[in-house]
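Subject: Structure handover

Hello,

Here is the structure I promised to pass on. Please open it before reading further.

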Amino acid sequence: MIIKNDVTDAIFQRQSIREYTEKKLTPEELETLMLAAKKAPSARNLQPCTVRFITNKAILDEMNADFKELVGYDTPAYSRYQTNPVYQNAPAMAMIFSENASKIDAGIMVENLAICAKGIGLDSVIILSIAPLFESPYGEKWKERLDVSENYVFDIAISIGNGDEKPPEKPRFDDRIKIIE
Ligand SMILES: Cc1cc2nc3c(=O)[nH]c(=O)nc-3n(C[C@H](O)[C@H](O)[C@H](O)COP(=O)(O)O)c2cc1C
């Protein structure tokens, strides 16, 4: 029997969403997401991650233009979405950077954001494909633009907004998770 509550519902119902309405995040939604990022656990509580919530479409479009110039495509993930910008037209993208850290800390933080988003009625998609931007000459420009110190590296991003599609659920392997008694 699966135990159902608001938290498990958010976990079970989250899906990657790549179409969004133009509705912006409310200040309450943003504040809640920022607290979810802050509350993420980290190894030895070092809190190595720093996060930038970009809510300005002009900045996201400029970042996408640099990304496209660099790699020659918007996003390679799924052909259906190839006309979308790398941030998938969401009204906000949170970008996580860290200093000298295991990427596990950033991974935990991004999942906190994905589940929190679902829990407050929003949708999201985790974005790694933007990473080459920060490994290129554009990286310095964007770290400066986002007020991120030079010694931080980009780990992961997540686009968040009000979803505007209901894709079929992605299948999961049935034999990967076992109990050893
Ligand atoms: C580490 C990580 C990186 C990802 N990067 C991208 C990405 O760059 N672009 C994208 O469209 N989806 C990206 N995704 C979303 C995955 O494709 C998606 O989670 C997976 O297909 C399972 O689908 P679901 O999230 O709907 O369950 C990423 C997911 C993870 C966990």
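Below are my notes on a helix pair, a strand pair and the core.

This is a predicted model: local features need pLDDT of at least 70, side-chain atom pairs count only at pLDDT 80 or more, and totals for chains, interfaces and linings use all residues. Residues are numbered from 1 along each chain as its sequence is written.

Helices (H or I, at least four residues) and strands (E, at least two) are DSSP runs, numbered from the N terminus.

Helix pair. The axes of α2 (residues 27–38) and α4 (residues 103–119) cross at roughly 145° and come within 8 Å. Axes are lines fitted to C-alpha atoms over the stretch in contact, with angles from 0 to 180 degrees between N-to-C directions. From α2, T32, L33, A36 and A37 meet α4 residues M109, N112, L113, C116 and A117. Contact means C-beta atoms, placed from the backbone, within 7 Å.

Strand pair. β3 (residues 123–127) has 4 of its 5 residues buried, so the rest of the structure largely encloses it. Buried means 20 or more other C-beta atoms within 10 Å of the residue's own, again placed from the backbone. β3 pairs with β4 (residues 153–161) in the antiparallel sense, over 5 bridges. Pairing takes at least two DSSP bridges. I126 stands opposite I158 in β4.

Core. The largest nonpolar core has 40 residues; M93, A94, I96, L113 and I160 touch the most other members. Such a core is a set of buried Ala, Val, Leu, Ile, Met, Phe, Trp, Tyr and Cys residues joined through C-beta atoms within 7 Å. α4 gives the most to this core, with 7 residues.

Best wishes

Terms used: Two residues are in contact if their C-beta atoms, placed from the backbone, lie within 7 Å. A residue is buried if 20 or more other C-beta atoms lie within 10 Å of its own, exposed if 12 or fewer, and partly exposed in between; C-beta atoms are placed from the backbone.
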